Amino acid sequence: MHTLLVLPQIVTERCTGCGDCVRLCHVTALALRDLKAVIVRPDRCDYCTECEAVCPVRAIICPFEV
């Protein structure tokens, strides 16, 4: 049985690499790579949507309600 992960979407063209989302992520699912936010540990993401709320340029989108 396959489990589909629901993950935030990161619009890399908008990301400024400020790192706010990385610092806020309590499960350390996010990191900065080449000055852009990326989900490096998708299995840890609990879709809390805090990263979306903290992003000053709206580069992170959580399109699904849980």
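Q: What helices and strands does the protein have, and what makes a stretch count as one?
A: The protein has two helices and four strands. They are DSSP runs numbered from the N terminus: a helix is a run of H or I with at least four residues, and a strand is a run of E with at least two. From the N terminus on, the order of the elements is β-α-β-β-α-β.

Q: What kind of model is this, and which atoms and residues are used?
A: This is a predicted model in which local features need pLDDT of at least 70 and side-chain atom pairs count only at pLDDT 80 or more, while totals for chains, interfaces and linings use all residues. Residues are numbered from 1 along each chain as its sequence is written, and side-chain values use heavy atoms, with hydrogens and water left out.

Q: Why does the radius of gyration of the protein agree with that of a compact globule?
A: The radius is taken over C-alpha atoms, and the globule rule is 2.2 Å times the number of residues to the power 0.38. For 66 residues a compact globule would come near 11 Å, and the protein has 11 Å, so the two agree. Along the principal axes, the C-alpha atoms fill a box of roughly 35 × 20 × 20 Å.

Q: Why is Cys51 called buried?
A: Buried means a relative accessible area under 20%, exposed means over 50%, and partly exposed lies in between (1.4 Å probe, protein chains only). Cys51 has 10%, so Cys51 is buried. This residue is found in helix H2. Of the 66 residues of the protein, 26% count as buried.

Q: What does Cys51 touch, and what makes a pair a contact?
A: A contact means heavy atoms within 4.5 Å. Not counting residues up to four places away in sequence, Cys51 touches Pro8, Cys21, Leu24, Leu30 and Ile60.

Q: What share of the contacts in the protein joins residues 24 or more positions apart?
A: Among contacts with a separation of 6 or more, such residues account for 49%.

Q: What makes a set of residues a nonpolar core, and which residues form the largest one here?
A: A nonpolar core is a set of buried Ala, Val, Leu, Ile, Met, Phe, Trp, Tyr and Cys residues joined through side-chain atoms within 4.5 Å. The largest in this protein has eleven residues, including Cys51, Cys55, Ala59 and Ile60. Leaving aside its neighbours within four places in sequence, Ile60 is in contact with Pro8, Gln9, Ile10, Cys21, Cys51, Glu52 and Cys55.

Q: Why is Ile10 called partly exposed?
A: Its relative accessible area is 22%, so Ile10 falls in the partly exposed class. Ile10 is in strand S1, residues 9-10. Beyond four places in sequence, Ile10 touches Leu30, Ala37, Val38, Ile39, Ala59 and Ile60. Ile10 and Ala37 are 27 residues apart in sequence and 7.3 Å apart in space, C-alpha to C-alpha.

Q: Which classes do Lys36 and Glu13 fall into, and why?
A: Lys36, at 27% relative accessibility, counts as partly exposed, and Glu13, at 69%, counts as exposed. Lys36 is in strand S3, residues 36-39, whereas Glu13 is in the loop between S1 and H1. The two are 23 residues apart in sequence, and their C-alpha atoms are 8.9 Å apart. Leaving aside neighbours within four places in sequence, Lys36 is in contact with Thr12, Cys15 and Ala31.

Q: Why do Thr28 and Arg58 get their accessibility labels?
A: Thr28 has a relative accessible area of 36%, so Thr28 is partly exposed. Arg58 reaches 64%, so Arg58 counts as exposed.
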